[in-house]
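This briefing covers one model in a few topics. Please look at the sequence and the structure before reading on.

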Amino acid sequence: MAVTGDPVRQATEAVARDSYGKLIAFLVARTGDMAGAEDALSDAFAAALADWPVSGIPDNPRGWLATVARRKQLDQFRRRRTRRDASDHLALLAQELTAVRPETSLVADERLALMFVCAHPAIDAGIRAPLMLRTVLGLDTPAIASAFLVAPATMGQRLVRAQSRIKVAGIPFRVPEAAELRGRLEDVLDAIYAAFAAGWSDPAGTEVRRRDLAAEAIWLGRLIVSLLPNEPEAAGVLALMLYAEARRATRRGTHGEYVSLADQDPSAWDHAMIGQAETLLRRAGAMGATGRFQLEAAIQSAHVVRRQTGRSDWVAIERLYAALESMTDSPVVTINRAVAIAETLGADAGLAVLDLVAGDKRVADYQPYWAARAGVLARAGDFAAADDAYRRAIGLEADPAVRQFLMRRQAEAASRASD
Amino acid sequence: MQYLLMIYGDEKAMASVTEAQGGQMLAAYSAYAEAMGKAGVLQGGNRLRPTAASTTVRVANGKTTVLDGPYVETKEQMGGYFLIDVDNLDAALSWAERCPGASTGVVEVRPIWAM
């Protein structure tokens, strides 16, 4: 590759950032071949880095890249079809290529169809988020792998398998029709939220790649809200991510210690971001169809009212968890409802709700259950039992900062128990 | 694209259905096949006899072994198939979910390797 000047590299990087997904969508839409589209586009970027320093940056860089990538696709097609007479098809492709005016054909944003391909029910749920990050945003495999705590080679294999599956199984490149849109959209939103969660799970923010992933997921959320402005759950998931992101900086103290939500300083939250989340949530609410993400966002909203009132709106939180509980069969939701009830009706009532899930096999090794139980027990004044439950939670925690937090609480409970 | 819809079910359970149930199932299948035919997607299909009628052949080192029975013993067996030609996987899946066998067992949807 030719030695490139910085402005050229910056220009190509800017185009890559803004339009990678659009270009991939444009290329996949015509062949259904995702891996081939990626190859063609990376060839086109390489060609740009070689050509632009000499010929100058074109007026329409994206159109330039689209045209070059289209030619590369045509080459791929020729190579693959050598053994068969495909002259008709080739002629057609060539015709289309000369007639194509990328600047106009790219007006239709096909990234939405691309997201539905990545989150198709025939694609393994675990690879949907990585696939979306790769194809819509152009994130490289090592970055995705580190965010999902998988070896790069393994992630690479999974991505290749998923891409080849799209082509071989015949997964269509299209936005589902109205009747199935909502059901399929859930999968897309789940994948976006999974990407966010992968980024969010590095609370210390020490791993830049994972922190960036949360930002990328929010970007995807904004994209889907702009493409489907009348879907309440799309607005809901974006609101949920923004509420969480707004509190990112306050999740850890100055020395990296864990700070629970109740102990976070509301004045340090990102108020502009919370404002955006509130607006989105209101808009979603006006659309009339409640869903899981809106409920979870509404719970966040009931927590951040602490900015004005000094206290989370526990009555609302309890009601929202009850609504979520009727929607999902998750002991996690019940645990959270129990914590809310301990606030509204007292520790004994909270404990009674926790007992409902005590027999569930899934909570035996679930740290939040034991931490919640310990907290409620301590409130009820049963410090010996709280001490036991804290020990159990400590044994189940992987994050050293959270472990230290729990150990402080456990020491408190133990000392009150021996009083 | 062409897809093979492979219909799996518990053939033991199938053997013990009443005559009325059997008649109902047959009617459901024939309506289903007719609908696929009218939609212009059906290219073929058949019901298979139970695996007890199956014979498995393998040639290794020039020696032919013939075994009485299916290749793999499974809880659910392939009892029939349809070959369809549709635009894409979504269309194939929507036909698969309408198959009467999808509510009693499972339907595996597999693309045909075009030669």
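Two strands pair if DSSP finds at least two bridges between them. Helices (H or I, at least four residues) and strands (E, at least two residues) are DSSP runs, numbered from the N terminus. The model is predicted: local features need pLDDT of at least 70, side-chain atom pairs count only at pLDDT 80 or more, and totals for chains, interfaces and linings use all residues. Residues are numbered from 1 along each chain as its sequence is written, chains are lettered from A and ligands numbered from 1 in the order in which they are written, and side-chain values use heavy atoms, with hydrogens and water left out.

**Chain B overall**

- Chain B has four helices and six strands.
- Along the sequence these elements of chain B follow the pattern β-α-α-β-β-β-β-α-α-β.
- A box of roughly 45 × 45 × 20 Å, taken along the principal axes, holds the C-alpha atoms of chain B.

**The four-stranded sheet of chain B**

- Four strands of chain B form an open sheet in the order β2-β5-β1-β6, and their pairing is antiparallel.
- Strands β2 (42-47) and β6 (106-111) of chain B are the edge strands, since each pairs on one side only.
- On average, neighbouring strands of this sheet are turned by 20 degrees against each other, direction ignored. For such angles, axes are lines fitted to C-alpha atoms (for helices over the stretch in contact), and angles run from 0 to 180 degrees between N-to-C directions.
- Strand β1 (residues 2-9) of chain B pairs with β6(B) in the antiparallel sense over six bridges. B:Ile7 has B:Val107 in β6(B) as its bridge partner.
- Helix α2 (residues 19-38) of chain B packs on the sheet and touches β1, β2 and β5 (77-85) of chain B; contact means heavy atoms within 4.5 Å. The direction of this helix makes about 20 degrees with that of β5(B).
- In a regular strand, side chains alternate between the two faces of the sheet.

**The hairpin of chain B**

- Strands β3 (residues 55-60) and β4 (residues 63-68) of chain B pair in the antiparallel sense over six bridges. B:Thr55 has B:Asp68 in β4(B) as its bridge partner.
- β3(B) and β4(B) form a hairpin with two residues between them, and B:Asn61 in the turn has a positive phi of about 50 degrees.

**Where chain B meets chain A**

- Seven residues of chain B are in contact with nine residues of chain A.
- About 590 Å² is buried between chain B and chain A, 59% of it on carbon and sulfur atoms. Buried area is the accessible area (1.4 Å probe) that two parts lose on being put together, summed over both.
- B:Asn88, B:Leu89 and B:Asp90 supply 67% of the area that chain B buries against chain A, more than any other three residues.

**Salt bridges**

- A salt bridge is a side-chain nitrogen of Lys or Arg within 4 Å of a carboxyl oxygen of Asp or Glu. Side chains of opposite charge can pair when their charged atoms come close.
- Two salt bridges are counted between chain B and chain A.
- B:Asp90 meets A:Arg174 in a salt bridge at 2.8 Å, N to O.
- B:Asp90 also forms a salt bridge with A:Arg184, with the closest N and O atoms 3.7 Å apart. This pair runs from helix α10 (residues 178-200) of chain A, which holds A:Arg184, to helix α3 of chain B, which holds B:Asp90.
- Over all chains, the count comes to 21 salt bridges.
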